[in-house]
Amino acid sequence: MTLVRAKKHLGQHFLTDKNIAAKIVESLRPQNGYKQVLEVGPGMGILSDFLLQKTEYEVSLIDIDTESYQYLQKKYPALGKRLINADFLDMDFAAFFSGPMAIIGNFPYNISSQILFKVLDNRQQVVEVVGMFQKEVAERCSAKPGSKEYGILSVFLQAYYKVEYLFTVKAGVFNPPPKVLSAVIRLTRNETPRLNCDEKLFWQVVKAGFNQRRKTLRNAVSSLINKEKMTEEPLLDLRAERLSVDDFVKLTNMIDANR
């Protein structure tokens, strides 16, 4: 079969190291209660080869690249409708999957944040994610309060998932090699079905706080608070990067109660 060309506009960097591919697939943990696994952006199937050997999984593949899709149709004819030629970001999970599922992939770096927010939108169904990201994004996802990497993505993901930085991957194992280091992380859904606060307001508070991260929260979220009623709240004297998820939940409830 003719090899698939990596396309810059799709952010494609095909993994070529089979040992790393096997290690990524082995990072999935079906004991977390899923059988359905969706691979995003399989390219020429280096991860898929290992996934499809796992009889405990029902594997589906989705790729926006028609060339990859046609290549994979020939490589895995038995997949049938479980090989999908579509944009993951537009996918209606409920139309394809019922019950808990996992997502895996060597994700396109140019849409990595959008992929993670898509996961968050489907957090009641997606119980695990194992994926390759740009190292900087992986560090942001797993960052702890007080670090310069800690931000909006850190808080939103860690509100609903346990985030583990698994290992770093050098550029030389990709074709073409990216200009950055890469890293594999694992997200495991935590036991919080929903936050103990107004979740919409929580998202507004977190975004406002980090959009002006050099300011104290008193100034950064000033449009959301009743300044007269919250003059003594010590959390407002901190910058957003100092607050844990629990702190943000606490602050959201205080803002909500003093509107």
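UniProt, in an unreviewed entry, places the feature "domain: Ribosomal RNA adenine methylase transferase N-terminal" at residues 20-191; such positions follow the numbering used here, and the annotation may be inferred rather than shown by experiment. That span is 31% helix and 27% strand, with its end C-alpha atoms 30 Å apart. Helices (H or I, at least four residues) and strands (E, at least two) are DSSP runs, numbered from the N terminus.

The model is a predicted one, so to speak of local features takes pLDDT of at least 70 and side-chain atom pairs count only at pLDDT 80 or more, while totals for chains, interfaces and linings use all residues. Residues are numbered from 1 along each chain as its sequence is written, and side-chain values use heavy atoms, with hydrogens and water left out.

Now to the domains. The protein chain is split into domain 1 (8-189) and domain 2 (199-257), with bounds from an automatic or database domain assignment. Taken over C-alpha atoms, the two centres sit 32 Å apart. Where they meet, 15 residues of domain 1 are in contact with 15 of domain 2, contact being heavy atoms within 4.5 Å. Together the domains bury about 1200 Å², 69% of it on carbon and sulfur atoms; this is the accessible area (1.4 Å probe) that two parts lose on being put together, summed over both. On the domain 1 side, Tyr150, Ile152 and Phe156 lose the most area to domain 2, together 41% of what that side buries.

The rule finds 1 salt bridge across this interface, meaning a side-chain nitrogen of Lys or Arg within 4 Å of a carboxyl oxygen of Asp or Glu. Arginine 123 also pairs up in a salt bridge with glutamate 199, their closest N and O atoms being 3.8 Å apart. Helix H5 (112-121) and helix H7 (152-160) each bring at least two residues to the side of domain 1 that touches domain 2. H7 gives the largest share of that side, 6 residues.

What about salt bridges overall? The count comes to 16 by this rule.

Finally, a detail of the backbone: the peptide bond from asparagine 175 to proline 176 is cis, with omega near -5 degrees. Proline 176 is found in the loop between strand E8 (174-175) and strand E9 (182-189).
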